[in-house]
Amino acid sequence: MSSHGAGADGSLACDRMVPLSVLLKRELRGEKIEKPDILHGVASQSKKGEDFTLIKTECQRVPGNGGTTFSVFAIFDGHNGCAAAIYAKENLLHNILSAVPSDLDRDEWFAALPRALVAGFVKTDKDFQDKGKTSGTTVTFVILDGQTVTVASVGDSRCILESAEGSLYLLSADHRLDDNEEEVERITACGAEVGRLNLAGGAEVGPLRCWPGGLCLSRSIGDMDVGEFIVPIPHVKQVKLSYAGGRLIIASDGVWDALSFESAVNFCCGLPADVAANKIVKKAVQVKGLRDDTTCIVVDILPPENIPSDILTPKKQRMRVLEYMLCKKPCESSFHRSREYCGPYVVEELFEDGSALLAQRLNIYPISNMFKLFLCAVCQAEMKPGEGISLHAGSVKSGKICPWDGPLLCRSCLAKKEAMEGKRPSRI
Ligand SMILES: [Zn+2]
């Protein structure tokens, strides 16, 4: 695999120019820009027709208020058919936003997103399974609001961030069984068997798969024929870019099986987002052939107009190191940890949690009043007083649980939770 775009000395001249169209748009608006301008491009080559994208650049946190605009970029890579990918594309965003309490201010909205993403993913999975259709999908779901990027992921489509000075950050998780020992341990503990295909004579071939079903991923939406231990609970990571902005590359495994993170970034360095997405897909297909659906979204987050230009002067020394900002175990979660140094290019990490335990993921209270007591924390169904079951019921400390100890689940979502934890058989 080769890397392109680098000069002989390894330096890369990638200063991102603000395109004329954006400058004209700013001129027409005649207003001070607080949020960054966003440019995006998408490209895809289809082999099985199971990759889908969702791009919405004009969502509003407060309906009717143009100052609360945010964008959504997502890739759904289906397997065993495309029904799950299409269903998730059509329903996931709504399910996530339905789980965000109303009347939050902007900081509260950022803090509420990790939990709402978990609820939205689980509800979407549960509703899709209720339809009785097979098939499953990976999801890499990016919410971009100002300089804050929140990424929720299940499966092996990935999202990387190139910060303004050239550092790379992986913002999604990898839920391939071959690459994730902790997930292998989790699903084995739930009663699944993990192994490779056995040929006659005992030779093992192909990737690690879980049985029954033979899926090589540990998390997805759908896949009711595989088992509830394949959970839809997403890894969630939230970071805040500096005003200098950056570039996101979101792509399905068709790209990442052919290109390293570094070579994908270097290969489209300095190109506009739409050209960059096209080049990445073409290069991936050139390297590996069109063996899988190959999809890429490139999003450029440009510096706002009113930022002093000295802040935006690129560093001379570009770093090309993939930084895993928070290499913590999935069972740990963190809010608002700061990095050790500060500077105009710092990508600040705000949140990360990859646990597969629903109780842990819904039990996050970064601010008060994050849940409504008589709504199911997953499906948001209204419940009568006394009807909901505390997430903590059945836990070690359950003796001290009061009936009003939220968050609460409806009976149906409690059954889903227990099935995902291997405590009751899945519905197959
Ligand atoms: Zn529910």
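Strand 3 and strand 4 (residues 136-145) run antiparallel and are joined by nine bridges. Strands here are DSSP runs of E with at least two residues, helices are runs of H or I with at least four, and both are numbered from the N terminus. Pairing requires that DSSP find at least two bridges between two strands. The model is predicted: local features need pLDDT of at least 70, side-chain atom pairs count only at pLDDT 80 or more, and totals for chains, interfaces and linings use all residues. Residue numbers start from 1 along each chain as its sequence is written.

Valine 72 has isoleucine 143 of strand 4 as its bridge partner. Strand 3 also pairs with strand 2 (residues 51-60), in the antiparallel sense, over eight bridges. There, leucine 54 stands opposite alanine 74 of strand 3. Strand 3 (residues 69-79) is largely enclosed by the rest of the structure, because eight of its eleven residues are buried. Buried means 20 or more other C-beta atoms within 10 Å of the residue's own; 12 or fewer means exposed, and values in between mean partly exposed, with C-beta atoms placed from the backbone.

Helix 7 (residues 273-288) has 16 residues. From first C-alpha to last, helix 7 reaches 23 Å, close to the expected 22 Å at 1.5 Å a residue. The expected span is 1.5 Å times one less than the number of residues. Buried residues of helix 7 include Ala273, Ala276, Ala277, Ile280 and Ala284. Their cover includes strand 1 (37-45), strand 12 (246-251), helix 5 (253-256), helix 6 (261-267) and strand 13 (294-302). Glycine 289 follows helix 7 and has a positive phi, near 80 degrees.

Tyrosine 169 lies in strand 7 (residues 168-170). Tyrosine 169 counts as buried because it has 23 C-beta neighbours inside 10 Å. Tyrosine 169 and valine 239 are 70 residues apart in sequence, yet their C-alpha atoms are 10.0 Å apart in space.

The protein chain holds ten helices and 18 strands. Of its 428 residues, 44% count as buried. Among contacts (C-beta atoms, placed from the backbone, within 7 Å) between residues at least 6 apart in sequence, 69% join residues at least 24 apart.

Mean pLDDT (the predictor's confidence in each residue, from 0 to 100) is 83 for the protein chain, and 77% of the residues score at least 70. Residues 1-15 have pLDDT below 50, and this stretch has 28 contacts in the model beyond near neighbours in sequence. Over residues 315-342 the pLDDT is also below 50, with 45 such contacts.

Methods:
Contact = placed C-beta atoms within 7 Å.
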